[in-house]
Amino acid sequence: MRKIITSLIAILVVTNLEAQQRTPKLVVCITVDQLRGDYIEYFYNTFGERGFKRLMNEGLVYNNIRFEFSDIDQASAFATLFTGSNPCFSGIAGEKTFDFEKEKEVSILNDPEYLGNYTKENYSPKNLFSSTIGDELKIASQGRSDVYSIAPDAESAILSAGHAANGAFWVDNTNGKWATTTYYKGIPWYVDRYNNGPESLASRLETMVWTPTLPMEKYDAFPYVLDDLPFRYTFSEKFANCYPNLKTSPFINKEINRLALQFLEYGGFGTRSCPDMLSITYYAGNYRGTMSKEYTREIQDTYYQLDQDIEKLLDTIDKKVGLANTLVVFTGSGYYKSEESYPDGLMVNGGEFHPKRCLALLNMYLMAIYGQHTSWVQGYYNNQIYLNRKAIEDAKLDLTTLQNKAAEFIQEFSGVQLVTTGRSLLTGDWNEGTAKFRQGTHHLRRGDLIIELQPGWKVNLDNPKEKVKIIRNNAVITPLVFMGNGLKPQHIYREVKATEVAPTVTHVLRIRPPNATQSLPLWELTTK
């Protein structure tokens, strides 16, 4: 009897250890750009049972993740999620930087050393200073794991792939082909076939017409929609911005799925001795033609179709690899882009902030103090003022003193909520109120002054080509779901940090976290 009991205990212990020690054969990271958790709630009754609902019912669900900095965009969000570090470490504070010498915006990924495949753009992850989940998986497996990413845009593709990935693919804005960079070595044959065959996007473009998928009365989530006419959008290479427009329609998610299914069919994912990783980015933001409309049937239709796309992807993963062998990580990018406009005659709080006028007055003020022989201000970009560092150095002036005087001057402008200096963030002289500026900028590209405007104020660049931006500091509800790999369904209602996603995934993979990660894995996944 004792031998039987001892044997049973041994079996239970071994079984428990096996359950605890299971490593997935495949990790699929599904990140939805501009996903809104409140929209999932609003449109829930239109969804099927195997898309959003399957994630929410079968996954380990965190109600919201929080990014620890402001001015989130696609690049900074994806870098944070996949490196487990904020822009102050990853180096990716935004999609673009400004070259004041050439007086033009430059992509944060711009790298002339590498050519584009199926694109004229020159990109690489050179400016990403931290390693990613995929990088650490490649290191741990000594290159045996396959790591790929598929996304609408280069920023989400490259930053979710990292430095050591096999490849990163996005839809080129000019020709609609699946593009990449020569930084990554080689293109799978099925991607070349896709680009050059009858199933390429360009060959199907004329047949793609976006009209309501559901009967009009089903789009009832917003009582603010005034137009009762069904929408209709077509896409043709004859018109400018054809592909950028398409990339903000539901068709882009279907294109993502078409290529993802090619990878799952021919890429051998889950068949190697080490885990593989596939990062997929969907889009759930406003259509480019409706950016100024907050409540539309288009956004409801986008979510309805995305639900079906998620269902198709999950079913394919289950069929090809098995969800029991796959860790699915689902989340969003923590921001939402729109061009806010007010009806004529409607008065709200706020005024207009004119950066050019602000810079002119600041320069006059500094000239009055330090002399009129030079311009002390270089320019303004993305809520930051850059001083003329060369002139300050040549004049042998103390940069800290000059930054402080400039900050005191700018703080007096109407609409300015807060001003902090680059020097204070660099030397550790920051507090809870300015922590988001420190977390959200990198010292190598940070301006001398970082400005926060009051909500409702408009930023007018005095450029007829630029639209007036209205400041709105809303948080965006962003769910986080871990599903598959033997995880039990659970809902967690505490808020977690975006930097905790990457170390949690690497913990499940039993590898080191990315090298700039300072957060610990989420404890619910460390005790499974």
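A residue is called buried when its relative accessible area is under 20%, exposed when it is over 50%, and partly exposed in between, with a 1.4 Å probe and protein chains only. The model is predicted, so that local features need pLDDT of at least 70 and side-chain atom pairs count only at pLDDT 80 or more, while totals for chains, interfaces and linings use all residues. Residues are numbered from 1 along each chain as its sequence is written, and side-chain values use heavy atoms, with hydrogens and water left out.

Figure 1. Helices (H or I, at least four residues) and strands (E, at least two) are DSSP runs numbered from the N terminus. The C-alpha trace spans about 95 × 60 × 45 Å along its principal axes, and buried residues make up 55% of the 528 residues.

**Figure 2. Domain 1 and domain 2 of the protein chain.** The domain assignment gives domain 1 as 26-65 + 110-340 + 474-493 and domain 2 as 352-471, with bounds that come from an automatic or database domain assignment. The centres of the two domains, taken over C-alpha atoms, are separated by 36 Å. Four residues of domain 1 are in contact with five residues of domain 2, where contact means heavy atoms within 4.5 Å.

Figure 3. When its neighbours within four places in sequence are left aside, V209 is in contact with R232, Y233, T234 and F251. R272, by comparison, is 63 residues from V209 in sequence, and 40 Å separate the two in space, C-alpha to C-alpha.

**Figure 4. Helix 7, residues 154-161, and the residue that follows.** Eight of the eight residues of helix 7 are buried, so this helix is largely enclosed by the rest of the structure. The buried residues of helix 7 are A154, E155, S156, A157, I158, L159, S160 and A161. After helix 7 comes G162, with a positive phi near 95°.
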